[in-house]
Amino acid sequence: MQGNWSPHAINEYNRVMTDNTSSRAPDTPASGSAEHAFAAETAKPAKPARKRGGLPVAFIIVLLIAIGLGAALWAARQQSETANREIASRLDKLSAELAQSRSDVREALSLARAQSAQVAGLEAKVREAQSQYSTLQQAMENLNDGTSDQMLANDVERLITTASQQLRLAGNVNNAIVALESAQSRLARADRPRFASLQQSIEVDLDRLRAVHTVDIPAVSGRIERLMALVSRAPLLVPDAAARNSVPMPAATEPLPAAPPAADALPADAPWWERWRTEIGSWPGRAGSALAHEMGDLIRVQRVDQPAAVLLSTDQAADLRSVLRQRLLAVQLAMLMRQPTVWKSELDSVADVLNTYFDPNSAETRAAQALTRELLQTDIAVRVPDVADSLNGIAALRAAGFKPEEQD
């Protein structure tokens, strides 16, 4: 068989055998023949030797990578599910809020529509009221513009006549000023040129009335009322039921002070029998002082110029006080009516009654007498001017006449 080999095959066979011999262990005997080994080597291609330790390491690495990827995928899935649940809850909440907002919007729209309808109704009523007001205002302007001079003259004359009556009958300057001011404002609103002279006359009368010094009626009325109260409380010479508790004890019947005991004059070291004798000797004086003090309320000595003043009964005393109050009412009426004669006569009568029937030692009587003298010094006879200029002005307008073509 070797005779058929080529030289290249023989060289290759020798190389392989040399390699096998060097790589085989010394104690391993050679098995098979050279031909069988060469045939095997030529029949099979040479295979590289594998490394037995690399496969498990690679498998472990791949397994760890797979486990890591699985854990990452599981964590990502859990996070995704959590996020999905949170998003779903938020979407549900937003949907509920959106539904509530839609409901609120619908209610607000319905309320706005209702309010718009109410506002429209109110605006219609306001326009109607404005239209009515404009109509009334136009009617008033037409009425004022169409008022005749005759009617204006009648109104002004009535006010001037009222002022004249207040001055002549009651002497009330304030009421007369009010009446003239009303007439002046009426002329100012009418704005008629032909009444200009009458307006000036009324202004002159107003200046004259404002310069008058009048009586302070409230203050004087207060004094009269205070005098009436004093008359009701002041005691008479004969005490009555109205002033039983306000009668003071006269100076002549004041009890004398008790004499000091004589024992005080003895020295401090005086014997006891002298003190007792002095004490017993002072008993009669003390008894007399006590008796005089007790009897002073029963006996009173007083000088009376009018004997009839002490003979008044209880009913007569009440009638006397009632007459005094009526006279004071007449005094107040005389002040209001500007009647100085009645004023003076009534106050003189009141002063005479106070001096005759009332106790002059009482504080109420003295106060009533002083107040009566003060009222007597008050002058109610104030010179009150008239409104002649205004009356003459309206009379001149009446004499001139009111023609239709002269109206404004």
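Predicted model: local features only at pLDDT ≥ 70, side-chain atom pairs only at ≥ 80, totals over all residues.
Residues are numbered from 1 along each chain as its sequence is written, and side-chain values use heavy atoms, with hydrogens and water left out.

Helix 7 (residues 217–233) packs with helix 12 (residues 363–376) at an angle of about 150 degrees, the two axes lying 9 Å apart; helices are DSSP runs of H or I with at least four residues, numbered from the N terminus, and axes are lines fitted to C-alpha atoms over the stretch in contact, with angles running from 0 to 180 degrees between N-to-C directions. The two helices, helix 7 and helix 12, are therefore roughly antiparallel, a term applied to angles over 145 degrees. On the side of helix 7, Val220, Arg223, Ile224, Arg226, Leu227, Leu230 and Arg233 take part in the meeting, and on the side of helix 12, Glu364, Ala367, Ala368, Leu371, Thr372, Glu374 and Leu375. By class, the contact (heavy atoms within 4.5 Å) of helix 7 with helix 12 has 8 nonpolar, 1 polar and 5 charged residues, where Ala, Val, Leu, Ile, Met, Phe, Trp, Tyr, Cys and Pro count as nonpolar, Asp, Glu, Lys and Arg as charged, and the others, Gly among them, as polar.

Asp205 is placed in helix 6 (residues 196–210) and is buried, with a relative accessible area of 0%; buried denotes under 20% relative accessible area, exposed over 50%, and partly exposed the range in between, for a 1.4 Å probe and protein chains only. When neighbours within four places in sequence are left aside, Asp205 is in contact with Leu180, Asp386, Val387, Ala388, Asp389 and Ser390. Asp205 also forms a salt bridge with Arg208, with the closest N and O atoms 2.7 Å apart, a salt bridge being a side-chain nitrogen of Lys or Arg within 4 Å of a carboxyl oxygen of Asp or Glu. Arg208 is partly exposed at 31% relative accessibility.

In the whole structure, 11 salt bridges are found. Arg77 and Glu81 are joined by one of 3.4 Å, N to O, and these two residues are 4 residues apart in helix 3 (residues 54–146), about one helical turn. Arg77 is exposed at 56%, while Glu81 is partly exposed at 28%. Arg90 and Glu86 form a salt bridge whose closest N and O atoms are 2.6 Å apart.

Note on methods: Parallel < 35°, antiparallel > 145°, perpendicular 65-115°, else oblique.
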